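Morning, everyone. I have one structure to walk through today. Please bring it up on your screens.

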Amino acid sequence: MAVELKAPALREYPVVPALQSDAMKDVVSYVANEKIQEAIGFPGKLDEGWQERAISKMGDLLGKYRSLRVFMDACVHCGACTDKCHYFIGTQDPKNMPVARQDLMRSVYRRYFTTAGKLFPRLVGARDLTRGVLDDWFRYYHQCSECRRCSVFCPYGIDTAEITMAGREILDAVGYGQKYSNEIIGKVHRIGNNLGLPGPALRDTLLGLEEDVKDETGVDVRYPLDEKGADVLLVTPSADFFAEPHVDSLIGYGKVFHAAGISWTLSSYSSEAGNFGMFIGNYEQLRKIAMRIREAALELGVKRIVVGECGHAWRVAYSFWNTLVGIGAGGKDPFAIELQRQLDPRHKQPTHICELTWDLIERGALRFDKDANDHRTITFHDSCNVARGSRMGDAPGGQFEIPRNIIRAVANKFVEMSPEVTRERTFCCGGGGGLLTDELLDLRIKGALPRMESLKQVVDNHGVNFMATICAICKAQFTKVLPYYGFKMSMVGGVHQLVSTAIRLGDSH
Ligand code: SF4
Ligand code: SF4
């Protein structure tokens, strides 16, 4: 019989929750089967000798990533991070405290990579890597959304997300991967997007959008696919092609390009901005997925690459694309050099869609009817990967200001949530980092608690009825969990959904 899932009660004054040992030990991701694992080049299953292979992989990572070794050594167990994780706050499981999540790996590190741990394991909290410990890794490294909030409060800047990524990389290396993320990565390699949406279906969807927008506005706004010679290649999360409310932002991007007279295209080969290679901490997968975007850009001959509303995609694009595949300065292979020659140096490469839209607004190239959004009182949820893993514009904090500037330019009623839970201190939606899967719904509902509490404050005090965000995962997660907290699922949407409502087509400069 299915268990009825319930949201925790919303608290008036958030306090550190009482501990409930092992509260989430039965909420476990599905393990990837052999077919899924082997399709992306990982061992199919946990075989004899896994322990030696796991320790060896850990040694490789400690050698490759100096930060990982520093994080293993530097923690002084001061406790500043303990109550900063939304999954701990929502679940009360002490293993979801960031420091405890780190200690799952730190105890093994001490046993095999420190002299004290080799000689006196009990004295220094060192443990053998047993099957039970590995199972705890799988369980609790898939109860971390790699959101990095805890690192903001750590006096040593220890980044639990990086430890989670290392944990997942070791798990994959011994054939113990997560079904959800690895299946999606396989789909991107085979078909080009996370949803497995083939090119013809994508073309039909875009033609349907053109008809819808024509019916709504009377204007021929185009949603082009595979058009060689277009100036802009837009890569956006594939959820934008059909899911609600995501598609409303895609409609908005098209209206912005139309109103500004910019030629643009999507690519059927590279129809996904998301990159789950980051979630599983695997550089080769990260690179292989990003490479499709470079290949599409070269094939289509575009001058500029623009990324749609997707939090982790923007983190990968902003922080890694240059050295990963040579989009932006950094790549040294012949194709990267060719791409640099092709892309227009007057533009930031890559550009976030919010940077593009805000730049057009500042230059007076777009016109809006702000009153069209008057049925909405809007707040903004900073998505964790944008807030703590990237930037926008030329000034520090641009990733916070630019989306807010756009909202203020297209709507009259905007309200901030508390400064304790926005900008760099924002809470994850509860579904990021490869956790947006049904078997983790209980975790996702509970992990959303802190954001739901701050939302309730602005709903009660200011009548907020719309929470804007620029992340496909946040949109999908909130749509699912809002009703558990008594909110309407339709109160979440994209910044470009608001742009779409207010923009005046055929009225631009
Ligand atoms: S989910 Fe975020 S806050 Fe929690 S441990 Fe992971 S990175 Fe830290
Ligand atoms: S805040 Fe940093 S040093 Fe303190 S317990 Fe957490 S990870 Fe360790």
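Predicted model: local features only at pLDDT ≥ 70, side-chain atom pairs only at ≥ 80, totals over all residues.

Let me start with a definition.

Residues are numbered from 1 along each chain as its sequence is written, while chains are lettered from A and ligands numbered from 1 in the order in which they are written.

Back to helix 12. Is it enclosed or open? A residue is buried if 20 or more other C-beta atoms lie within 10 Å of its own, exposed if 12 or fewer, and partly exposed in between, with C-beta atoms placed from the backbone. In helix 12, 12 of the 15 residues are buried, so the helix is largely enclosed by the rest of the structure. Among them are His246, Tyr253, Lys255, Phe257 and His258. Just after helix 12 comes glycine 261, with a positive phi of about 70 degrees.

Next, the whole chain. It has 23 helices and 7 strands. Its C-alpha atoms fill a box of roughly 75 × 55 × 50 Å, taken along the principal axes. The radius of gyration is taken over C-alpha atoms, and the globule rule is 2.2 Å times the number of residues to the power 0.38. For 509 residues, a compact globule would come out near 23 Å; the chain has 23 Å, so the two agree. Of those 509 residues, 52% count as buried.

What about contacts? Two residues are in contact if their C-beta atoms, placed from the backbone, lie within 7 Å. Take contacts between residues at least 6 apart in sequence: 78% join residues at least 24 apart. Lysine 6 and tyrosine 485 are 479 residues apart along the chain, yet their C-alpha atoms are separated by 8.8 Å. Lysine 6 is in the segment before helix 1 (34–39). It is exposed, with 10 other C-beta atoms within 10 Å.

On to the sheet. Two strands pair if DSSP finds at least two bridges between them. 4 strands form an open sheet in the order 2-1-3-4, with parallel pairing. Its edges are strand 2 (264–265) and strand 4 (351–352), each pairing on one side only. Strand 3 (residues 304–307) runs parallel to strand 4, joined by 2 bridges. Which residue of strand 4 is the bridge partner of valine 307? That is histidine 352.

Now the ligands. A residue is near a molecule if its C-beta atom, placed from the backbone, lies within 6 Å of it. How many residues surround ligand 1? There are 16, and the closest are Cys85, Pro98, Cys144, Cys147 and Cys150. Helix 5 (98–113), helix 8 (149–153) and helix 9 (160–173) each give two or more residues to that shell. Helix 9 gives the most, with 3.

For classes, Ala, Val, Leu, Ile, Met, Phe, Trp, Tyr, Cys and Pro count as nonpolar, Asp, Glu, Lys and Arg as charged, and the others, Gly among them, as polar. The shell around ligand 1 divides into 8 nonpolar, 3 polar and 5 charged.

Last, some backbone details. Most residues other than glycine have a negative phi, and most peptide bonds are trans. Glutamate 244 and proline 245 are joined by a cis bond, omega about 5 degrees. Proline 245 sits in the loop between strand 1 (232–235) and helix 12. Another cis bond joins glutamine 349 and proline 350, omega about -5 degrees. Aspartate 226 has a positive phi of about 55 degrees. With 17 C-beta neighbours inside 10 Å, aspartate 226 counts as partly exposed.
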